[in-house]
Amino acid sequence: MAALLAVAGLLVLAALNTSEAANSPESAAQHHTDAAVGRRPTPRKGIHKIRHVVIIMQENRSFDNYFGTYRGADGIPGLAGHRGKVPCIPDPHEHCVRLWHDRHDLNQGGLYSYPNVRPEIDGGKMDGFIREQEKIFPKIGHDDVAGYHTGKDIPNYWAYAHDFVLQDRMFEPVKSWSLPSHLYLVSLWSAYCTRHDDPMSCRNAPAHPAQPPGGPHPSPKRPDYAWTDLTYLLHQHHVSWRYYIFKGIEPECESDTRASCAPVTQGPRTNPIWNPLFYFDTVRNDHQLRDIQSLNGFFAAARRGRLPAVSWIVPSSVVSEHPHTALVSRGQTYVTGLINTIMESRDWNSTAIFLTWDDWGGFYDNVVPPHIDRDGYGLRVPGLVISPYAKRGYIDSQTLSFDAYAKFIEADFLGNATLNPKTDGRPDPRPDVRENARQLGRLAKDFDFSHGPRKPVLLPVHPRTDLIGPR
(Lines give C-alpha, C1' and ligand atoms only; values in the text may rest on other atoms or scores of the structure.)
Protein backbone atom coordinates (compact mmCIF):
# COMPACT_ATOMS: atom_id res chain seq x y z
CA MET A 1 0.00 0.00 0.00
CA ALA A 2 2.84 2.39 0.79
CA ALA A 3 4.26 1.83 -2.68
CA LEU A 4 0.93 2.61 -4.31
CA LEU A 5 0.53 5.76 -2.27
CA ALA A 6 3.99 6.79 -3.37
CA VAL A 7 2.95 6.47 -7.00
CA ALA A 8 -0.15 8.53 -6.37
CA GLY A 9 2.03 11.11 -4.67
CA LEU A 10 4.18 11.31 -7.77
CA LEU A 11 1.12 12.07 -9.87
CA VAL A 12 -0.08 14.78 -7.51
CA LEU A 13 3.33 16.43 -7.26
CA ALA A 14 3.69 16.36 -11.03
CA ALA A 15 0.32 17.99 -11.49
CA LEU A 16 1.21 20.77 -9.07
CA ASN A 17 4.60 21.55 -10.61
CA THR A 18 3.81 23.67 -13.66
CA SER A 19 6.94 25.76 -13.85
CA GLU A 20 8.66 23.79 -16.63
CA ALA A 21 5.80 23.96 -19.10
CA ALA A 22 4.83 27.53 -18.31
CA ASN A 23 7.70 28.89 -20.38
CA SER A 24 7.80 26.23 -23.11
CA PRO A 25 6.84 27.61 -26.54
CA GLU A 26 3.66 26.29 -28.15
CA SER A 27 3.62 25.70 -31.87
CA ALA A 28 1.53 28.14 -33.83
CA ALA A 29 0.22 25.17 -35.79
CA GLN A 30 -1.38 23.60 -32.73
CA HIS A 31 -4.55 25.56 -33.24
CA HIS A 32 -4.03 26.11 -36.97
CA THR A 33 -6.55 28.70 -38.19
CA ASP A 34 -9.20 28.20 -35.52
CA ALA A 35 -8.31 31.51 -33.89
CA ALA A 36 -8.33 33.54 -37.10
CA VAL A 37 -9.45 37.05 -36.31
CA GLY A 38 -12.96 37.84 -37.47
CA ARG A 39 -13.78 34.31 -38.57
CA ARG A 40 -15.61 31.48 -36.90
CA PRO A 41 -13.65 28.23 -36.84
CA THR A 42 -14.44 25.82 -39.64
CA PRO A 43 -16.05 22.68 -38.17
CA ARG A 44 -13.61 19.78 -38.25
CA LYS A 45 -14.65 16.52 -39.84
CA GLY A 46 -13.58 12.91 -39.50
CA ILE A 47 -10.09 12.24 -38.26
CA HIS A 48 -9.39 15.98 -38.02
CA LYS A 49 -11.65 16.18 -34.97
CA ILE A 50 -8.61 14.72 -33.21
CA ARG A 51 -6.28 17.60 -32.40
CA HIS A 52 -4.21 15.79 -29.77
CA VAL A 53 -2.67 12.32 -30.08
CA VAL A 54 -1.21 10.90 -26.86
CA ILE A 55 0.76 7.64 -27.07
CA ILE A 56 1.34 5.99 -23.69
CA MET A 57 3.98 3.27 -23.80
CA GLN A 58 4.33 0.71 -21.04
CA GLU A 59 6.66 -2.28 -20.79
CA ASN A 60 6.88 -5.97 -21.60
CA ARG A 61 3.49 -7.68 -21.76
CA SER A 62 1.99 -10.01 -24.33
CA PHE A 63 -1.65 -9.74 -25.33
CA ASP A 64 -2.51 -13.10 -23.78
CA ASN A 65 -0.76 -12.17 -20.53
CA TYR A 66 -3.24 -9.30 -20.00
CA PHE A 67 -6.28 -9.98 -22.22
CA GLY A 68 -6.10 -13.70 -23.05
CA THR A 69 -9.43 -14.34 -21.26
CA TYR A 70 -11.24 -11.23 -22.53
CA ARG A 71 -14.45 -12.49 -24.15
CA GLY A 72 -14.75 -11.81 -27.85
CA ALA A 73 -11.03 -11.18 -28.34
CA ASP A 74 -8.62 -13.60 -29.99
CA GLY A 75 -7.38 -15.02 -26.70
CA ILE A 76 -6.11 -18.20 -25.09
CA PRO A 77 -7.59 -21.39 -26.56
CA GLY A 78 -9.90 -23.25 -24.17
CA LEU A 79 -10.58 -20.20 -21.98
CA ALA A 80 -13.38 -17.59 -21.99
CA GLY A 81 -15.32 -19.39 -24.68
CA HIS A 82 -12.40 -19.80 -27.06
CA ARG A 83 -12.24 -23.08 -28.96
CA GLY A 84 -9.56 -25.66 -28.32
CA LYS A 85 -7.70 -26.97 -25.29
CA VAL A 86 -5.81 -24.80 -22.85
CA PRO A 87 -2.20 -24.91 -24.10
CA CYS A 88 0.39 -26.88 -22.16
CA ILE A 89 3.81 -25.34 -22.72
CA PRO A 90 6.81 -27.70 -22.87
CA ASP A 91 9.17 -27.49 -19.90
CA PRO A 92 12.69 -28.98 -19.94
CA HIS A 93 12.18 -30.19 -16.35
CA GLU A 94 8.74 -31.74 -16.74
CA HIS A 95 6.37 -32.73 -19.50
CA CYS A 96 4.64 -29.36 -19.83
CA VAL A 97 3.06 -26.52 -17.88
CA ARG A 98 -0.57 -25.70 -18.61
CA LEU A 99 -1.44 -22.01 -18.80
CA TRP A 100 -2.59 -20.75 -15.43
CA HIS A 101 -4.12 -17.69 -13.75
CA ASP A 102 -1.24 -15.76 -12.17
CA ARG A 103 -2.51 -13.33 -9.53
CA HIS A 104 0.91 -12.14 -8.49
CA ASP A 105 1.59 -8.42 -8.66
CA LEU A 106 5.25 -8.95 -9.54
CA ASN A 107 6.02 -11.27 -12.44
CA GLN A 108 9.32 -12.79 -13.46
CA GLY A 109 8.88 -12.79 -17.23
CA GLY A 110 11.29 -14.42 -19.65
CA LEU A 111 13.70 -13.72 -22.48
CA TYR A 112 12.59 -11.27 -25.14
CA SER A 113 15.57 -10.26 -27.25
CA TYR A 114 16.12 -10.77 -30.97
CA PRO A 115 17.64 -14.28 -30.61
CA ASN A 116 14.71 -15.48 -28.45
CA VAL A 117 11.89 -14.82 -30.91
CA ARG A 118 12.45 -17.73 -33.27
CA PRO A 119 12.76 -20.44 -30.58
CA GLU A 120 9.71 -19.07 -28.73
CA ILE A 121 7.59 -19.09 -31.90
CA ASP A 122 9.10 -22.50 -32.77
CA GLY A 123 7.90 -22.70 -36.34
CA GLY A 124 4.40 -21.54 -35.42
CA LYS A 125 3.89 -23.91 -32.48
CA MET A 126 4.20 -20.96 -30.03
CA ASP A 127 5.61 -23.30 -27.40
CA GLY A 128 9.18 -22.19 -26.64
CA PHE A 129 8.49 -19.63 -23.91
CA ILE A 130 9.39 -21.76 -20.87
CA ARG A 131 12.48 -23.21 -22.56
CA GLU A 132 13.74 -19.67 -23.15
CA GLN A 133 12.75 -18.43 -19.68
CA GLU A 134 14.71 -21.18 -18.00
CA LYS A 135 17.89 -20.15 -19.75
CA ILE A 136 18.10 -17.30 -17.23
CA PHE A 137 15.70 -18.46 -14.51
CA PRO A 138 16.45 -22.18 -14.22
CA LYS A 139 13.43 -23.88 -12.62
CA ILE A 140 12.46 -21.06 -10.30
CA GLY A 141 9.39 -22.94 -9.08
CA HIS A 142 6.87 -21.03 -11.16
CA ASP A 143 6.93 -20.63 -14.92
CA ASP A 144 5.02 -17.37 -15.02
CA VAL A 145 5.58 -16.84 -18.75
CA ALA A 146 2.72 -19.37 -18.92
CA GLY A 147 0.64 -17.24 -16.55
CA TYR A 148 -2.11 -14.80 -17.44
CA HIS A 149 -3.98 -12.02 -15.65
CA THR A 150 -7.74 -11.46 -15.68
CA GLY A 151 -10.08 -8.50 -15.39
CA LYS A 152 -10.16 -8.94 -11.62
CA ASP A 153 -6.39 -8.44 -11.52
CA ILE A 154 -6.25 -5.41 -13.85
CA PRO A 155 -9.80 -4.00 -13.69
CA ASN A 156 -9.01 -0.57 -15.10
CA TYR A 157 -7.36 -1.92 -18.24
CA TRP A 158 -10.35 -4.18 -18.82
CA ALA A 159 -12.71 -1.27 -18.14
CA TYR A 160 -10.99 0.74 -20.88
CA ALA A 161 -11.42 -2.25 -23.22
CA HIS A 162 -15.12 -2.46 -22.32
CA ASP A 163 -15.82 1.26 -22.69
CA PHE A 164 -13.55 2.01 -25.66
CA VAL A 165 -11.47 -0.08 -28.12
CA LEU A 166 -9.34 -3.18 -27.56
CA GLN A 167 -6.97 -4.16 -30.37
CA ASP A 168 -6.36 -7.91 -30.41
CA ARG A 169 -3.90 -7.93 -33.34
CA MET A 170 -1.44 -5.25 -32.30
CA PHE A 171 2.08 -6.56 -32.92
CA GLU A 172 5.38 -5.21 -31.75
CA PRO A 173 6.93 -3.75 -34.93
CA VAL A 174 10.27 -5.56 -34.59
CA LYS A 175 11.20 -9.03 -33.31
CA SER A 176 13.33 -7.61 -30.54
CA TRP A 177 13.57 -5.86 -27.18
CA SER A 178 12.71 -2.40 -25.83
CA LEU A 179 15.24 -0.13 -27.56
CA PRO A 180 14.51 -1.26 -31.14
CA SER A 181 10.79 -1.13 -30.36
CA HIS A 182 11.01 2.45 -29.08
CA LEU A 183 13.04 3.41 -32.14
CA TYR A 184 10.31 2.03 -34.38
CA LEU A 185 7.75 3.98 -32.36
CA VAL A 186 9.34 7.33 -33.28
CA SER A 187 11.08 6.53 -36.58
CA LEU A 188 9.76 3.21 -38.01
CA TRP A 189 13.31 1.78 -38.11
CA SER A 190 16.12 0.46 -35.92
CA ALA A 191 19.63 1.00 -37.28
CA TYR A 192 23.29 1.56 -36.44
CA CYS A 193 24.97 4.64 -37.94
CA THR A 194 28.68 5.23 -38.44
CA ARG A 195 28.65 8.95 -39.27
CA HIS A 196 27.01 11.88 -37.55
CA ASP A 197 24.33 13.62 -39.67
CA ASP A 198 24.64 11.07 -42.46
CA PRO A 199 21.49 8.94 -42.82
CA MET A 200 23.12 6.91 -45.60
CA SER A 201 25.71 5.67 -43.09
CA CYS A 202 22.98 3.80 -41.20
CA ARG A 203 22.52 0.05 -41.51
CA ASN A 204 19.67 -2.18 -40.42
CA ALA A 205 20.13 -3.26 -36.76
CA PRO A 206 17.09 -4.95 -35.21
CA ALA A 207 19.06 -6.36 -32.27
CA HIS A 208 21.59 -3.77 -30.98
CA PRO A 209 21.20 -0.39 -32.72
CA ALA A 210 23.41 1.44 -30.20
CA GLN A 211 26.53 -0.58 -30.98
CA PRO A 212 28.50 -1.68 -34.05
CA PRO A 213 27.74 -5.15 -35.39
CA GLY A 214 29.57 -7.70 -33.27
CA GLY A 215 30.53 -5.06 -30.71
CA PRO A 216 30.17 -5.27 -26.95
CA HIS A 217 26.83 -4.71 -25.27
CA PRO A 218 26.02 -2.18 -23.95
CA SER A 219 27.69 0.20 -26.36
CA PRO A 220 30.90 1.87 -25.15
CA LYS A 221 29.84 5.14 -26.75
CA ARG A 222 26.76 7.31 -26.92
CA PRO A 223 24.46 6.23 -29.74
CA ASP A 224 24.03 8.46 -32.77
CA TYR A 225 20.77 8.04 -34.65
CA ALA A 226 21.32 9.79 -37.95
CA TRP A 227 18.27 8.60 -39.86
CA THR A 228 14.97 10.47 -40.05
CA ASP A 229 12.37 10.32 -37.30
CA LEU A 230 8.78 11.51 -37.17
CA THR A 231 9.62 14.75 -35.34
CA TYR A 232 11.51 15.90 -38.44
CA LEU A 233 8.24 15.97 -40.39
CA LEU A 234 6.29 17.45 -37.46
CA HIS A 235 8.82 20.29 -37.21
CA GLN A 236 8.69 20.93 -40.96
CA HIS A 237 4.90 21.21 -40.82
CA HIS A 238 4.91 23.35 -37.65
CA VAL A 239 3.08 20.69 -35.66
CA SER A 240 3.79 20.74 -31.92
CA TRP A 241 5.11 17.66 -30.13
CA ARG A 242 6.45 16.64 -26.73
CA TYR A 243 8.19 13.52 -25.46
CA TYR A 244 7.38 13.28 -21.75
CA ILE A 245 9.67 11.39 -19.41
CA PHE A 246 10.39 11.04 -15.71
CA LYS A 247 13.41 13.07 -14.64
CA GLY A 248 16.60 11.11 -14.67
CA ILE A 249 17.94 10.72 -18.21
CA GLU A 250 21.68 11.19 -18.44
CA PRO A 251 22.04 14.01 -19.19
CA GLU A 252 18.79 15.85 -18.52
CA CYS A 253 18.00 18.49 -21.15
CA GLU A 254 15.05 20.83 -21.42
CA SER A 255 16.58 23.25 -23.92
CA ASP A 256 18.45 22.93 -27.19
CA THR A 257 21.93 23.75 -25.92
CA ARG A 258 24.26 21.11 -24.53
CA ALA A 259 25.57 23.63 -22.02
CA SER A 260 22.19 23.59 -20.27
CA CYS A 261 22.28 19.82 -19.74
CA ALA A 262 22.91 18.42 -16.28
CA PRO A 263 22.56 14.92 -14.87
CA VAL A 264 19.75 14.21 -12.45
CA THR A 265 20.58 11.66 -9.78
CA GLN A 266 17.53 11.62 -7.53
CA GLY A 267 13.93 10.59 -7.93
CA PRO A 268 12.20 8.25 -10.40
CA ARG A 269 13.98 7.87 -13.70
CA THR A 270 13.15 7.04 -17.27
CA ASN A 271 15.50 4.41 -18.62
CA PRO A 272 17.64 6.02 -21.38
CA ILE A 273 16.74 3.24 -23.82
CA TRP A 274 13.12 4.41 -23.57
CA ASN A 275 14.14 7.92 -24.64
CA PRO A 276 15.79 7.51 -28.06
CA LEU A 277 14.75 10.92 -29.43
CA PHE A 278 17.48 12.53 -27.33
CA TYR A 279 20.07 10.92 -29.63
CA PHE A 280 18.50 11.72 -33.01
CA ASP A 281 20.45 14.21 -35.14
CA THR A 282 17.19 15.62 -36.49
CA VAL A 283 15.99 16.59 -33.02
CA ARG A 284 19.23 18.40 -32.22
CA ASN A 285 19.54 20.06 -35.64
CA ASP A 286 15.97 21.35 -35.43
CA HIS A 287 16.67 22.72 -31.91
CA GLN A 288 13.91 20.53 -30.50
CA LEU A 289 15.62 19.06 -27.43
CA ARG A 290 13.45 21.39 -25.37
CA ASP A 291 10.47 19.29 -26.47
CA ILE A 292 11.81 16.33 -24.48
CA GLN A 293 10.31 17.32 -21.14
CA SER A 294 9.67 15.92 -17.72
CA LEU A 295 6.26 14.48 -16.91
CA ASN A 296 5.56 17.68 -14.98
CA GLY A 297 5.20 19.39 -18.32
CA PHE A 298 2.46 16.99 -19.36
CA PHE A 299 0.39 17.65 -16.24
CA ALA A 300 0.83 21.40 -16.65
CA ALA A 301 -0.16 21.35 -20.32
CA ALA A 302 -3.23 19.20 -19.62
CA ARG A 303 -4.32 21.45 -16.75
CA ARG A 304 -4.14 24.48 -19.03
CA GLY A 305 -5.82 22.74 -21.96
CA ARG A 306 -2.66 23.17 -24.02
CA LEU A 307 -1.57 19.66 -24.89
CA PRO A 308 0.64 19.54 -27.97
CA ALA A 309 -0.62 17.93 -31.15
CA VAL A 310 1.50 14.81 -30.56
CA SER A 311 2.68 13.46 -27.21
CA TRP A 312 4.65 10.37 -26.31
CA ILE A 313 4.71 9.38 -22.63
CA VAL A 314 7.17 6.79 -21.32
CA PRO A 315 7.40 5.61 -17.71
CA SER A 316 10.02 5.36 -15.04
CA SER A 317 11.12 1.84 -14.20
CA VAL A 318 9.02 1.72 -11.03
CA VAL A 319 5.69 2.28 -12.86
CA SER A 320 6.59 0.55 -16.13
CA GLU A 321 5.05 -2.89 -15.36
CA HIS A 322 8.38 -4.34 -16.47
CA PRO A 323 8.64 -7.94 -15.20
CA HIS A 324 11.11 -8.70 -12.43
CA THR A 325 11.31 -5.05 -11.34
CA ALA A 326 7.88 -3.37 -11.36
CA LEU A 327 4.46 -4.16 -9.93
CA VAL A 328 1.50 -4.50 -12.27
CA SER A 329 -0.64 -2.47 -9.84
CA ARG A 330 1.77 0.48 -9.82
CA GLY A 331 1.70 0.67 -13.59
CA GLN A 332 -2.09 0.56 -13.69
CA THR A 333 -2.27 3.32 -11.07
CA TYR A 334 0.16 5.50 -13.02
CA VAL A 335 -1.58 4.97 -16.38
CA THR A 336 -5.00 5.63 -14.85
CA GLY A 337 -3.66 8.89 -13.43
CA LEU A 338 -2.44 9.96 -16.87
CA ILE A 339 -5.73 9.11 -18.55
CA ASN A 340 -7.84 10.74 -15.81
CA THR A 341 -5.75 13.90 -16.20
CA ILE A 342 -6.50 14.02 -19.93
CA MET A 343 -10.18 13.28 -19.37
CA GLU A 344 -10.44 16.15 -16.87
CA SER A 345 -8.75 18.55 -19.30
CA ARG A 346 -10.67 20.66 -21.78
CA ASP A 347 -8.52 18.93 -24.42
CA TRP A 348 -10.38 15.64 -23.83
CA ASN A 349 -12.99 16.39 -26.49
CA SER A 350 -10.32 16.42 -29.21
CA THR A 351 -7.91 13.75 -27.99
CA ALA A 352 -7.05 10.19 -28.98
CA ILE A 353 -5.06 8.12 -26.47
CA PHE A 354 -3.19 5.10 -27.79
CA LEU A 355 -2.04 2.82 -24.95
CA THR A 356 0.32 -0.06 -25.66
CA TRP A 357 3.26 -2.10 -24.31
CA ASP A 358 6.62 -2.08 -26.09
CA ASP A 359 7.32 -5.82 -26.32
CA TRP A 360 6.03 -9.18 -25.10
CA GLY A 361 8.47 -9.60 -22.20
CA GLY A 362 8.89 -13.32 -22.85
CA PHE A 363 5.25 -14.08 -21.94
CA TYR A 364 3.20 -16.62 -23.85
CA ASP A 365 1.00 -15.56 -26.75
CA ASN A 366 -0.96 -17.92 -28.98
CA VAL A 367 -0.95 -15.90 -32.23
CA VAL A 368 1.82 -16.39 -34.76
CA PRO A 369 3.08 -12.92 -35.81
CA PRO A 370 2.44 -12.08 -39.47
CA HIS A 371 5.49 -11.59 -41.71
CA ILE A 372 6.02 -8.09 -43.05
CA ASP A 373 9.79 -8.05 -43.60
CA ARG A 374 12.93 -9.66 -42.20
CA ASP A 375 12.62 -7.73 -38.92
CA GLY A 376 8.95 -8.07 -38.11
CA TYR A 377 6.39 -8.20 -36.98
CA GLY A 378 7.29 -9.18 -33.45
CA LEU A 379 4.95 -10.84 -30.98
CA ARG A 380 1.51 -9.55 -30.07
CA VAL A 381 1.11 -6.88 -27.39
CA PRO A 382 -1.99 -5.24 -25.88
CA GLY A 383 -3.36 -2.14 -27.59
CA LEU A 384 -6.15 0.20 -26.44
CA VAL A 385 -7.73 3.27 -28.02
CA ILE A 386 -9.33 5.71 -25.58
CA SER A 387 -11.09 8.76 -26.99
CA PRO A 388 -14.43 10.59 -26.88
CA TYR A 389 -14.86 9.34 -30.46
CA ALA A 390 -13.66 5.76 -29.90
CA LYS A 391 -16.20 3.05 -30.63
CA ARG A 392 -17.71 1.66 -27.43
CA GLY A 393 -16.71 -1.90 -26.56
CA TYR A 394 -15.20 -2.47 -30.00
CA ILE A 395 -12.61 -5.20 -30.65
CA ASP A 396 -10.36 -4.23 -33.53
CA SER A 397 -8.91 -7.33 -35.24
CA GLN A 398 -7.06 -5.53 -38.01
CA THR A 399 -3.36 -6.32 -38.28
CA LEU A 400 -1.69 -3.40 -36.54
CA SER A 401 1.71 -2.30 -35.34
CA PHE A 402 3.25 0.91 -34.01
CA ASP A 403 3.62 1.94 -37.65
CA ALA A 404 -0.14 2.56 -37.57
CA TYR A 405 0.36 5.33 -34.98
CA ALA A 406 2.67 7.20 -37.36
CA LYS A 407 0.23 6.67 -40.22
CA PHE A 408 -2.60 8.15 -38.15
CA ILE A 409 -0.49 11.16 -37.12
CA GLU A 410 0.56 11.79 -40.72
CA ALA A 411 -3.02 11.58 -41.98
CA ASP A 412 -4.29 13.90 -39.24
CA PHE A 413 -1.57 16.55 -39.13
CA LEU A 414 0.82 16.19 -42.07
CA GLY A 415 -1.40 15.92 -45.12
CA ASN A 416 -0.24 12.31 -45.48
CA ALA A 417 3.44 13.25 -45.80
CA THR A 418 5.28 10.10 -44.70
CA LEU A 419 8.62 8.90 -43.40
CA ASN A 420 9.65 7.83 -46.88
CA PRO A 421 13.31 8.31 -47.84
CA LYS A 422 12.22 8.96 -51.42
CA THR A 423 10.07 11.94 -50.46
CA ASP A 424 11.01 13.27 -47.01
CA GLY A 425 14.24 15.01 -48.07
CA ARG A 426 16.58 12.83 -45.99
CA PRO A 427 17.30 9.58 -47.89
CA ASP A 428 18.30 6.59 -45.81
CA PRO A 429 18.72 2.89 -46.67
CA ARG A 430 15.87 1.52 -44.56
CA PRO A 431 14.69 -1.76 -46.10
CA ASP A 432 11.09 -0.67 -46.65
CA VAL A 433 8.44 1.95 -45.90
CA ARG A 434 6.31 0.09 -43.37
CA GLU A 435 3.26 2.33 -43.67
CA ASN A 436 2.76 1.22 -47.27
CA ALA A 437 2.26 -2.41 -46.29
CA ARG A 438 -1.12 -3.62 -47.52
CA GLN A 439 -1.74 -5.70 -44.40
CA LEU A 440 -1.35 -2.74 -42.03
CA GLY A 441 -4.76 -1.67 -40.71
CA ARG A 442 -6.05 1.87 -40.26
CA LEU A 443 -6.62 3.24 -36.77
CA ALA A 444 -9.34 5.52 -38.11
CA LYS A 445 -11.63 2.45 -38.10
CA ASP A 446 -11.56 2.52 -34.31
CA PHE A 447 -13.45 5.83 -34.24
CA ASP A 448 -16.99 6.98 -34.91
CA PHE A 449 -16.92 10.64 -35.81
CA SER A 450 -20.62 10.83 -36.67
CA HIS A 451 -21.56 11.89 -33.12
CA GLY A 452 -20.38 14.45 -30.62
CA PRO A 453 -17.66 13.68 -28.07
CA ARG A 454 -18.51 11.21 -25.32
CA LYS A 455 -18.16 12.05 -21.66
CA PRO A 456 -15.04 10.96 -19.76
CA VAL A 457 -14.94 7.66 -17.89
CA LEU A 458 -12.93 8.48 -14.77
CA LEU A 459 -11.61 5.44 -12.92
CA PRO A 460 -10.16 5.07 -9.41
CA VAL A 461 -6.37 5.12 -9.37
CA HIS A 462 -6.41 2.40 -6.70
CA PRO A 463 -9.12 -0.01 -7.89
CA ARG A 464 -10.09 -3.14 -5.98
CA THR A 465 -7.97 -5.96 -7.39
CA ASP A 466 -7.30 -9.67 -6.91
CA LEU A 467 -3.55 -9.19 -7.25
CA ILE A 468 -1.47 -10.59 -4.41
CA GLY A 469 1.96 -9.55 -3.20
CA PRO A 470 5.27 -10.61 -4.68
CA ARG A 471 6.50 -14.12 -3.97
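A disulfide is a pair of cysteine sulfur atoms within 2.5 Å. The tour of this predicted model opens with such pairs.

**Before starting**

Residues are numbered from 1 along each chain as its sequence is written, and side-chain values use heavy atoms, with hydrogens and water left out. Because the model is predicted, local features need pLDDT of at least 70 and side-chain atom pairs count only at pLDDT 80 or more, whereas totals for chains, interfaces and linings use all residues.

**The disulfides**

Select Cys-193 and Cys-202. Their sulfur atoms lie 2.1 Å apart and form a disulfide. Viewed along its S-S bond, the link of Cys-193 and Cys-202 is right-handed, with 100 degrees about that bond. Cys-193 counts as buried at 3% relative accessibility, and Cys-202 counts as buried at 0%. Here buried means under 20% relative accessible area, exposed means over 50%, and partly exposed is in between (1.4 Å probe, protein chains only).

Next, select Cys-88 and Cys-96. A disulfide joins Cys-88 to Cys-96, with an S to S distance of 1.8 Å. The link of Cys-88 and Cys-96 is right-handed, with 85 degrees about the S-S bond. Cys-88 is partly exposed, at a relative accessible area of 27%, while Cys-96 is buried, at 18%. A search of the whole structure finds 2 disulfides.

**The whole protein**

The protein has 12 helices and 16 strands; helices (H or I, at least four residues) and strands (E, at least two) are DSSP runs, numbered from the N terminus. Of the 471 residues of the protein, 62% count as buried. Contact means heavy atoms within 4.5 Å, and among the contacts with a separation of 6 or more, 81% come from residues 24 or more positions apart.

**Helix H10 and its partner H11**

Select residues 295-303, which form helix H10, together with residues 328-343, which form helix H11. Two packed helices are described by the angle between their axes and the distance between the axes. H10 and H11 pack at an angle of about 30 degrees, with their axes 9 Å apart. Axes are lines fitted to C-alpha atoms, for helices over the stretch in contact, and angles run from 0 to 180 degrees between N-to-C directions. H10 and H11 are therefore roughly parallel to each other. Angles under 35 degrees count as roughly parallel, over 145 as roughly antiparallel, 65 to 115 as roughly perpendicular and the rest as oblique.

Show the side chains at this interface. Leu-295, Phe-298, Phe-299 and Ala-302 of H10 meet Tyr-334, Leu-338, Thr-341 and Ile-342 of H11. The residues of this contact divide into 7 nonpolar, 1 polar and no charged. Ala, Val, Leu, Ile, Met, Phe, Trp, Tyr, Cys and Pro count as nonpolar, Asp, Glu, Lys and Arg as charged, and the others, Gly among them, as polar.

H10 is mostly covered, with 8 of its 9 residues buried; among them are Asn-296, Gly-297, Ala-300 and Ala-301. Just after H10, select Gly-305, which takes a positive phi of about 65 degrees.

**Helix H6, on H11 and beyond**

The axes of H6 and H11 come within 9 Å and cross at roughly 45 degrees. That makes H6 oblique to H11. Pro-155, Asn-156, Tyr-157 and Tyr-160 in H6 meet residues of H11 that include Gly-331, Val-335 and Ile-339. The contact of H6 with H11 divides into 5 nonpolar, 5 polar and no charged residues.

His-162 is exposed, with a relative accessible area of 53%. Leaving aside neighbours within four places in sequence, His-162 is in contact with Tyr-70, Arg-392 and Gly-393. His-162 and Arg-392 are 230 residues apart in sequence, and 7.1 Å apart in space, C-alpha to C-alpha.

**Backbone stops in the loops**

Most residues other than glycine have a negative phi, and most peptide bonds are trans. The last selections concern the backbone.

- Ala-80 has a positive phi near 55 degrees. Look for Ala-80 in the loop between helix H3 (63-67) and strand E2 (88-91); Ala-80 is partly exposed, at 21% relative accessible area.
- Asp-122 has a positive phi of about 50 degrees, although it is not a glycine. Asp-122 is in the loop between helix H4 (114-121) and helix H5 (129-133), and is partly exposed at 25%.
- Gly-376 and Tyr-377 are joined by a cis peptide bond, with omega about 0 degrees. Tyr-377 lies in the loop between strand E13 (351-357) and strand E14 (383-386).
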